[in-house]
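Subject: Structure handover

Hello,

Here is the structure for you to take over. My notes on it follow below.

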Amino acid sequence: MAMTLTVSSALADPSQLPVARVEPVTDTYFGETLTDRYRWMENDHDPDWIPFLETQNRHTRAVLDALPGRSALLKRIEHLSGDVALPTQAQRAGDRVFFEQRPAGAENYKLFVQELGQVRLLIDPTQSDTATSHTSLDWWRASPDGRKLVYGLSANGSEDSILHVMDVETGAVLPERIADTQAAFPNWLPDNSGFFYNQLTGKVGTPERYLDSRARFHRLGSDPASDPIVMARGLDSQVVFEKIQSPYVVTFAHSDRVVLMIRDVRREARVLVAPMSDVLAGKGKWRPVAEFSDEVTGFALDGDDLYLLANRGHPRGRIVKTAGAAPNLASAIEVVPESALVLQSLALAKDGLYIRAMDGGIARLLRLGRDGKTVNIALPFDGTLAGVVTNADMPGALLLLSGWFSPAGIWSVNAEGRVVDTRLTPKPAIDASGYTSERRFAIAEDGTRIPYTLLYKKALKRDGSNPAFVSAYGSYGIPAYTPSFAPRTFALLDEGAIVGYANVRGGGEYGRDWHRAGQLENKPNTWRDLIAVCEDMISAGYTSTAHLAIGGRSAGGITVGRAMTEAPGCDQRRRRVPRTQVDRQLPGRYRWHQVSGRVADHGRHRSARRAVSRCQDGRAPAGRQRKRQADFAACRFRRRPRHGLHARPGRQGSGRYVRVHPLADPTCGKPKALMAFAVRFSTR
């Protein structure tokens, strides 16, 4: 089957598209009146809302079903999607290795334990499933000696966890149960006698559900109802925090102190320390270590040495050391200076600190040894480190590592820095030897080098005839589209397509400066970087304007939508893009303000919002002159995967559909430039 870029008449003809009701609502900010024609859509009880969605879905279904060759492509995608085991977490405890993964073909994750060279299934939540319900394993943590396990189960994707404790040797579940433990984050005492955990206090199904959570301590065998509250808002006059923030107590194997971490939606945490014995006695005096403004994103206690991953003034991160008994961040000793690498996390092992790092979206691994020297540990391929797991009583670490053509697996690194596959995760029977990846850099209009990756079949001809689909994100400082094994894309590569991923500014691939360069008043860099990537592909002969499509999910819709409307070669005057007030949309509002500011804030935030809302009275701002004129079209993929398909079990509901929302206006540029990839993910 030859892959072609064709558009059905239903999609090419705007008159066939479903039409939404127009009901203008106006607001005035600082003398400027904004009109929102679709404010009514914010009310999901509006009688026109569900019928409109259903009409959209029927139209989309008709368009996708009419695509030539779709049936064969779908079968290939289904075959590739269901054959991969996926690990998500691992831990060394005592003489056991615990690991969670979804077996190939399964719909849910399970917990296994390796002991004496043998692997045993420890928790299978599907055993509790019925014809009308399912159970998910939300989180777990083994005791330091590996003999006990604390874990959370929830029903029907609710994530409303109930805490359980298991005897690992026998598999017996102990009688204690603790409800409201969705974000428990349990931390065991070094003597294995109990653990700290976080408990929610808000009513299920209300906006207050996640407010005013509290940290508690549970002693094994005791009544959970009597578990002492270690930290809660208003409990300690010296530790004041907001109701949206959550307290967690973190323990370390070789320290008599514990860390109080206060978190909210930010990556940074507020950090305090206190003697463990005082905290357990209910008289902990918490000493402040770092505020949110200090931008600390990681920490570890080794005896009285407190290591901190600090980012303030060092956008790619550095590691400093201070005394746990008398912490002072201002006078802390720098042990790993800032470099070209972005430092993401740290984990303490017997032979030193293992540091997860990144270079433009590609994983790197460092170790700060006991001799104070930092060494680079070579990884077997360019990939993504989803986790680095250590045990303070053992040298080395476990790694969750994946690559473009290497399935996610659990690897181990020893004290000599040798990285090997543990083979705890079975390899799929998928041959990826015929594909290759290429790392390239486009030059943005301000001279910045923008990294991107292309995946394609070997021996690809660079004659401009290859269909290409490029994805981009660029928000919240998230390093999106780092190497991951997604065999469903191989179905496209097999047909001669190129799949590309652009690491545009606004993400975190090069640290906080890279994020800020695509944030607020700098937001236009995000979509202009994508335009630069596409132009570089065209000029290098990988594809051409007639065969190129772009896509993005979630906040990637901003990147793609604006690249599409600003790309030269498109008759901007024929496009009308309605302006909406995202401030009014409550879900995610706090984080959205970090991207483009608040519409009500005068100054730079207002100008940032104007940049995102490109069209004024249906006309675009003055375009930029470019050497190459490129047409771009886009589809925004919106899906709710069934549990186990790139989502934790039940995390996003149980829908089995992919909703492809055409954003491109077929009257803009060449209709043949519009391509919709129809993808139905396997639900086996």
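Overall picture

The chain has 684 residues, and 56% of them count as buried. Its secondary structure comes to 10 helices and 36 strands. Among contacts with a separation of 6 or more, 54% are between residues 24 or more positions apart. The mean pLDDT is 84, and 81% of the residues reach 70 or more.

Two stretches need caution. Over residues 571-590 pLDDT stays under 50, although the model has 53 contacts beyond four places in sequence for them. Residues 615-684 also stay under 50, with 205 such contacts beyond four places in sequence. Where pLDDT is low, the predicted coordinates should not be read in detail.

Strand β5 covers residues 110-115, and five of its six residues are buried. On one pairing, six bridges join β5 to strand β4 (residues 96-102), and the two run antiparallel. Here F98 stands opposite V113 of β5. β5 and β6 form a hairpin with two residues between them. In the turn, L116 has a positive phi of about 55 degrees.

The sheet β10 to β13

Four strands make up an open antiparallel sheet, in the order β10-β11-β12-β13. Its edge strands are β10 (187-188) and β13 (229-231), each of which pairs on one side only. Going through the sheet in order:

- β10 and β11 (residues 194-199) are joined by two bridges, and W188 has F195 in β11 as its bridge partner.
- β11 and β12 (residues 214-219) pair over six bridges, and Q199 has R214 in β12 as its bridge partner.
- β12 and β13 are joined by two bridges, and A215 has M231 in β13 as its bridge partner.

Strands of a sheet pair through backbone hydrogen bonds, either parallel or antiparallel.

Nonpolar cores

The largest nonpolar core has 33 residues. Those with the most contacts inside this core are V259, F299, I319, L343 and L353. Strand β19 (residues 305-310) gives the most to the core, with five residues. Apart from this core lies another, of 31 residues, including L454, I498, A502 and W527. In soluble globular proteins, nonpolar side chains tend to be buried together.

F299 deserves a separate entry. Beyond its neighbours within four places in sequence, F299 is in contact with V250, F252, V259, M261, V271, L306, Y307, L308 and L346.

M261, one of those contacts of F299, sits in strand β15 (residues 257-263). Is M261 buried or exposed? Its relative accessible area is 9%, under the 20% cut-off, so M261 is buried. Not counting residues up to four places away in sequence, M261 touches F185, S246, P247, Y248, V250, A269, R270 and F299. V250 is 11 residues from M261 along the chain, and their C-alpha atoms are separated by 7.3 Å.

Helix α3 (residues 70-81) has 12 residues and reaches 16 Å from its first C-alpha to its last, close to the 16 Å expected at 1.5 Å a residue. Its buried residues are R70, L73, L74, I77, L80 and S81. Why are they on the same side of α3? They cover an arc of only 130 degrees around the axis, which puts them on the same side. These buried residues pack against α2 (49-65) and α5 (490-494).

Helix α7 (residues 524-539) has 16 residues and reaches 22 Å from first C-alpha to last, close to the 22 Å expected at 1.5 Å a residue. Of its 16 residues, 14 are buried, so α7 is largely enclosed by the rest of the structure. Just after α7, G541 takes a positive phi of about 85 degrees.

Regards

How values were computed. Residues numbered from 1 in each chain as written. Predicted model: local features only at pLDDT ≥ 70, side-chain atom pairs only at ≥ 80, totals over all residues. Heavy atoms only, no water. Buried < 20%, exposed > 50% of the residue type's maximum accessible area, 1.4 Å probe, protein only. Contact = heavy atoms within 4.5 Å. Pairing = 2+ DSSP bridges. Core = buried A, V, L, I, M, F, W, Y, C linked by side-chain atoms within 4.5 Å. Expected span 1.5 Å × (residues − 1). Arc of directions from axis to C-beta. pLDDT = per-residue confidence, 0-100.
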